[in-house]
Amino acid sequence: MIARVHAREPRSRANGPGTRFVIWLQGCTLGCPGCFNPGTHATGGDAIEVGALLDELRATRGIEGLTLSGGEPLQQAPAALELVLGARRLGLSTLVFSGYRREEIAAQALGPALLAHLDVLIDGRYQAGDRLGAGLRGSANQQIHVLSTRHTRAEVEATPTAEIRIARDGSVVLTGVEPLRKL
Ligand code: SF4
């Protein structure tokens, strides 16, 4: 199975509890005004086998979990589900950011299976007028759903709001729910 990928970051501390492998999936049609990641909206991205992504996950030492973001992960639900199931098989925790609300996800064909294997869901459209930029929520209408006993809500909310990583080649990776405020 192929996933269309916008970007991936093997070690992030600003996308959920602990150190996490983050995959930003490409493609989103939800059109939230003020979305700060518009480059993820169009279809396209890098077409990568889910198995290859899971191999990367397996080879990355010292991570606690997988985070799926986007773009809209539920618009690639089969790939998102395979990634979540694979992460669980590796003993990793699973967190998804989705513009769909939990009840919308539950109504999708693969939604219940995905929800059953998530530890944390951050849901809801981004609403620029309710900008929050803290505790993993971009706007105040979004909700944190702790779906297992693996993480507490306090752990989720304590996630740093911003992160900057400078790679050996000098490239800069900037992530987090409020990546510019802290710089
Ligand atoms: S759901 Fe997320 S990626 Fe899609 S438009 Fe809204 S904020 Fe942007």
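How do the residues of the shell around the ligand divide into nonpolar, polar and charged? They split into five nonpolar, four polar and no charged; here Ala, Val, Leu, Ile, Met, Phe, Trp, Tyr, Cys and Pro count as nonpolar, Asp, Glu, Lys and Arg as charged, and the others, Gly among them, as polar.

Before you click on, note that this is a predicted model, in which local features need pLDDT of at least 70 and side-chain atom pairs pLDDT 80 or more, while totals for chains, interfaces and linings use all residues. Residues are numbered from 1 along each chain as its sequence is written, and side-chain values use heavy atoms, with hydrogens and water left out.

**Stop 1: the ligand.** Select Cys28, Leu30, Gly31, Cys32, Cys35, His41, Gly71, Gly99 and Tyr126, the residues around the ligand (a heavy atom within 4 Å of it). From this shell, pick Gly71, in the loop between β4 (65–69) and α2 (77–89); helices (H or I, at least four residues) and strands (E, at least two) are DSSP runs, numbered from the N terminus. The peptide bond leading from Gly70 into Gly71 is cis, with omega near 5°.

Stop 2: The ligand sits in the largest pocket (more than half of its atoms lie within 2 Å of the grid points). A pocket is an open set of points on a 1 Å grid over the protein atoms alone, where a 1.4 Å probe fits, with protein on both sides within 12 Å along at least five of seven lines; lining residues have an atom within 4 Å of a point. Its volume is about 840 Å³, the space filled by probe spheres set on the points. Now show Trp24, Phe36, Asn37, Ser69 and Gly70, the closest to the centre among 40 lining residues. By class, that lining has 17 nonpolar, 16 polar and seven charged residues. Colour β1 next: this strand gives the largest share of the lining, four residues.

**Stop 3: the rings.** Keep Phe36 and Tyr126 on screen. The whole structure holds one aromatic pair (ring centres within 6.5 Å). The centres of Phe36 and Tyr126 are 5.6 Å apart and their planes stand at 80°, so the pair is edge-to-face (over 60 degrees). Phe36 is partly exposed at 48% relative accessible area, whereas Tyr126 is buried at 13% (buried is under 20%, exposed over 50%, partly exposed in between, with a 1.4 Å probe and protein chains only).

Stop 4: Finish at Leu136, in the loop between β7 and β8 (137–139). Leu136 has a positive phi of about 70° although it is not a glycine, and its relative accessibility is 2%.

How values were computed. Phe/Tyr/Trp six-rings, centres within 6.5 Å; stacked < 30°, edge-to-face > 60°.
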